[in-house]
Amino acid sequence: MPNCSAYTINAGADITVGTETVTGKGSADINLSLGGYTASDITTNSSSCTFKAGTTWTCSNLVPGVHIVAFAANKDGCQTIDVVKISVTNCSAYIIDAGADVAVGAETATGKGTSDISLSLGSYTASDITTNSTRCIFKAGTTWTCSGLDTGDTTVTFAGTKDGCQTADAVKISVSNCSIYTINAGADITVGTDAVTGKGTADINLSLASYIASDITTNSSSCTFKAGTTWTCSGLDTGDTSVSFAANKADCSVYTIDAGADVTVGTDSITGKGTADITLSLGSYAASDITINNTNCIFKNGNTWTCSNLVSGDTTVAFAAIKAGCQSTDTIKVFVSDCSAYTIDAGADVVVGADAVTGRGAADVSLSLGGYTASDITTNSNRCTFKAGTTWTCSGLDPGDTTVTFAANKAGCLHSDSVKITVTNCSAYTINAGAAITVGTDALTGKGTADISLSLGSYTASDITTNSTRCTFKAGTTWACSGLDTGDTSVTFAANKADCSAYTINAGADITVGPDSITGKGTADISLSLGGYTASDITTNSSTCTFKAGTTWTCSGLDTGDTTVTFSGNKAGCGAYILNASADAVVEADSTTGKGTADINLSLGSYTASDITTNSSSCTFKAGTTWTCSSLDTGDTTVKFAANKADCGLYTINAGADKSVQADSVTQLGKADIIFDLGTFSIGDVTSDWANCTVKTGTTLTCSALPVGVGTIQFQATKGGCTKVDSVAITVSKDIDECALTTPACSTNADCANTAGSYTCTCKDGYQGNGKTCDGKTREVSRHRVLLALAGRHLLSTTVLDAWAVTGAVVTQALGIPATTRIQLVVDGATAAPPSVVISQGSVLKVALGLDAKSGLLGLADPTSTATKQSKVVFVVTAVAKQMCLTRRIPAAASNCLNWEPYIATKPLKFIVEGQRTVTAFFRNSSADKQPWGPASATFLFDKTAPKMAANLINLGAKFSGGSGTGDLTVTFNAAATDNPTSKVKGSGVKDYILVYSSAGVVPPSKCAVSSTVASLPITYSADGKSGAAVVAAVAAANVNKYRFRLCARDNVGLVASGLTLVAKP
């Protein structure tokens, strides 16, 4: 057995990192210290961490927050784990901005420049900032002073570091050599006053080396620029006037303007003109410094201009900037594409059925792409991918409506179009032609005839087609097949249910025409709006109306007066859904009330009265298909009736499996939470026949005040004209007070507390144990020095006797001395009195010491189970000690104890690695105790992996014994599932199998759990346990193919495999 003390793993100190600017995620490299292990021995619990190189793992795509990453090592039977905490800081608020570049002049004396830089720091503070320049030092607040700067450009970088976030920004400080910049206003001037005004006037000629006139300002409002380098000062009072001139030379290198790259835009579909936003980079300019040569361009905001009403072709826009004597220009070309030739059309909305296996739908969408190509197209749906040509395939669509938008972008032209894909839940749409039929031939014709009655689910007869010209519709759901030759003839029936909401017909507003002058008859063209119909789908009740062209019918030979013409559409079975309120009604007002009343008889086709709504509050449902409209005012009242047929196949309610709960110990009433699978219903649609059921949350009702016994609560959900019911049986058991039983449930040295359905036992002070047994009082134990010596002679040896029993028991110690030797026993420096020493055969010393016992026991909190699927296992520790150490190291030795802790009676430990796990305990009274006692150990099996089922080994199958009549449907399988997580790790073993089925003829049950639509079957196993079988009795042959089965293996800790499915066949 290897020495595992050399096998270590250390993930190092916890790490703090910041998020990346682009992804918003964090990354960290973890360098492991791997004593004895290699990188290939290491696994981790995090899917974000992958091996990088050497002993380094990279953990990436970490969202802000704290991530606990565990690394486990396994080699030569040694197992070691270490964890590291990675804290990821959201760095979006950690910014640093050094501002715009700075231009300063050099000092006259030193020839050096000085500048204050004020930083914008976001979540940083000044103490988080460093700089690459020794010339810059912290001043105050968020300001740094950079001094002693040489003439020319100096780039200073400021870097911020905090909470794993790192940010930097640079600023350029330009220092001008001011020695060549001089200003001289010349000698003082004396002038006389004007004879009229009494004021004086003087021209001052400035000497301006390197400056220009625009760089000059003055403190006197009496002085204005005249020309060249001359200022005129006028209106001067008698006496002395001091005038100051100041010069400031701007550094035009920081004054720049950049209009960016040329822009391409498309024309607007209405105006035929283009619009473009142009964002300028302005350097030290401001927006107010900018002028533009194009009147179609106006300032928008910030540093952006909007140019609109641009005609197709190229437009060149020039921008000019003037500030502080600096001038800059830049141009940009805006190309406007003519988008009138660019179109995209996703076509009409699409209706498809869901796949029987996946429950999802798929549809091909063919785009019409004027001017665009397929590579110009994007879509908002990750369910849709390019197929070929101009066709996209959209798959994996959930039942209901999905709107998919396609966007096109080319040459600055942007267009989009949407298509609605409706996926019908086809679970309620079934077709069953029944069992095979045998008939005899006709004596005359030699041909056979058979009637086939279809079971159609939600289909109607108009939805059905057949591949056989011999079979024709007869009546109801029956087809007659005749003229059949001797032998077998296979007839296939196909069903296709259209979404009739897309099939509409609108004949437009009423029409008034005049009679022909010769015939006296009228003629009118009626243009129909046809929705999903085409002209060939339309019929009319009037012989005077004939198809003309497109969607237009011509009605001629019409008599003077009103003629009502009805147009009917029939396509894909949608002609069955019609709503006709018949002819207009004329009634007389009541002589007393002055109000009228009319009964409206509707023709409803496949609709029912509950599908109908009306816009009139005066009309109420009467009976059958009749509505009564009352309190009608004199004159015309138009009443609209609307029909909407819900697909009730989408509305389901499942209250789950039957429940068993414990009554409250005081009220003896129970409470149960019912969690529903509601399909298209919501919890607000659910009612029950038990008054004390209230909404708890989401899809859960809490039913309370349930009496002891077995009761059934029925739930009903109603929505959109659809009503579904389900029930659940609830068994409420009476609570038993175990603490009041004649035979106590707990030790007499324990306190008993009754709980709902259970009880707890806690040892009283001074006793220890699990509550059901509380043995002996706890006493502090100290180690005793025991000396063994030859009687009356010299010291033989010293040793310590470990007592693993209660006080006063006999302790056995093996000695290497002759059996005939007489010895003396000394305990803690004193002769034991009486020593009660016996030397037996084999040199075994037995001593009745009368000392306190040193003890230590370790066990599972649940001693009845030696296997578990829970990662946290609770151990019960029974010891007479002050300190303990629980270790999973192999081999178990006190020297392997790295973490001593105060003694506690229960200790939870968490496990990651599956398989046989052993925990060993050692005990001591203090760190000075150099000889801890023990070991005590407990072993269990940790299994977190469900059994594996291979279809070729299980051989799940079914056989029907009833022929064309009624018989047993027998399901058989081989008990060949395995429960080992890996080839090296043993699982808890397969305990048994669960077999469930549904007879609804839709899809197999999604899991091995019983519900209102899923039942379980008892399984009979063979004598050797290698196979099993279950029987569904009395099944009609016509219903065999409606049975769907799922078989799941279950292991000894209760983990259930996902299972295998079977669809029965006759």
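Two strands are said to pair if DSSP finds at least two bridges between them. With that in mind, this tour moves through a predicted model, from a group of strands to charged pairs and then to aromatic rings.

Select residues 143–149, which make up strand 12. Five of these seven residues are buried, so the strand is largely enclosed by the rest of the structure.

To find one place where they face each other, display D116, which stands opposite T145 of strand 12.

Strands 11 and 12 form a hairpin with two residues between them. In that turn, select G141, whose phi is positive, at about 60°.

**Second stop: salt bridges**

The structure holds 23 salt bridges; three of them are visited here.

Begin with K112 and D150, whose closest N and O atoms are 2.2 Å apart in their salt bridge. This pair links distant parts of the chain: K112 belongs to the loop between strand 8 (102–105) and strand 9, D150 to the loop between strand 12 and strand 13 (152–162), and the two are 38 residues apart. K112 is partly exposed, at 30% relative accessibility, and D150 is also partly exposed, with a relative accessible area of 42%.

Continue to D41 and K75, which form a salt bridge with their closest N and O atoms 3.9 Å apart. D41 lies in the loop between strand 2 (26–31) and strand 3 (42–44), while K75 is in strand 6 (residues 65–75), so the pair ties together parts that are 34 residues apart in sequence. D41 has a relative accessible area of 16% and is buried, because buried means under 20%. K75, at 24%, is partly exposed.

Then select K333 and D314, another salt bridge, with the closest N and O atoms 3.9 Å apart. K333 is in strand 26 (residues 326–337) and D314 in strand 25 (residues 313–323), so parts of the chain 19 residues apart in sequence are tied together by this pair. The relative accessibility of K333 is 35%, which counts as partly exposed.

The structure holds 29 aromatic pairs. Display F225 and W231: their ring centres are 4.9 Å apart and their planes meet at 65°, so the pair is edge-to-face. F225 is partly exposed at 45% relative accessibility, whereas W231 is buried, with a relative accessible area of 5%.

Move on to F911 and F940, whose ring centres lie 5.1 Å apart with the planes at 75°, so this pair is edge-to-face. F911 lies in the loop between strand 74 (906–910) and strand 75 (915–924), and F940 in strand 76 (residues 933–942); the pair links distant parts of the chain, 29 residues apart. Both F911 and F940 are buried.

Which residues form one aromatic cluster with W57? Select F51 and F71 together with W57 to display the cluster.

**Last stop: a charge over a ring**

Finally, select R924 and W900. R924 lies over the face of W900, at 4.0 Å from the ring centre.

Definitions and conventions. Residues numbered from 1 in each chain as written. Predicted model: local features only at pLDDT ≥ 70, side-chain atom pairs only at ≥ 80, totals over all residues. Heavy atoms only, no water. Buried < 20%, exposed > 50% of the residue type's maximum accessible area, 1.4 Å probe, protein only. Helix = DSSP H or I, 4+ residues; strand = E, 2+ residues; numbered from the N terminus. Salt bridge = Lys/Arg side-chain N within 4 Å of Asp/Glu carboxyl O. Phe/Tyr/Trp six-rings, centres within 6.5 Å; stacked < 30°, edge-to-face > 60°. Lys NZ or Arg CZ within 6 Å of the ring centre and 35° of its normal.
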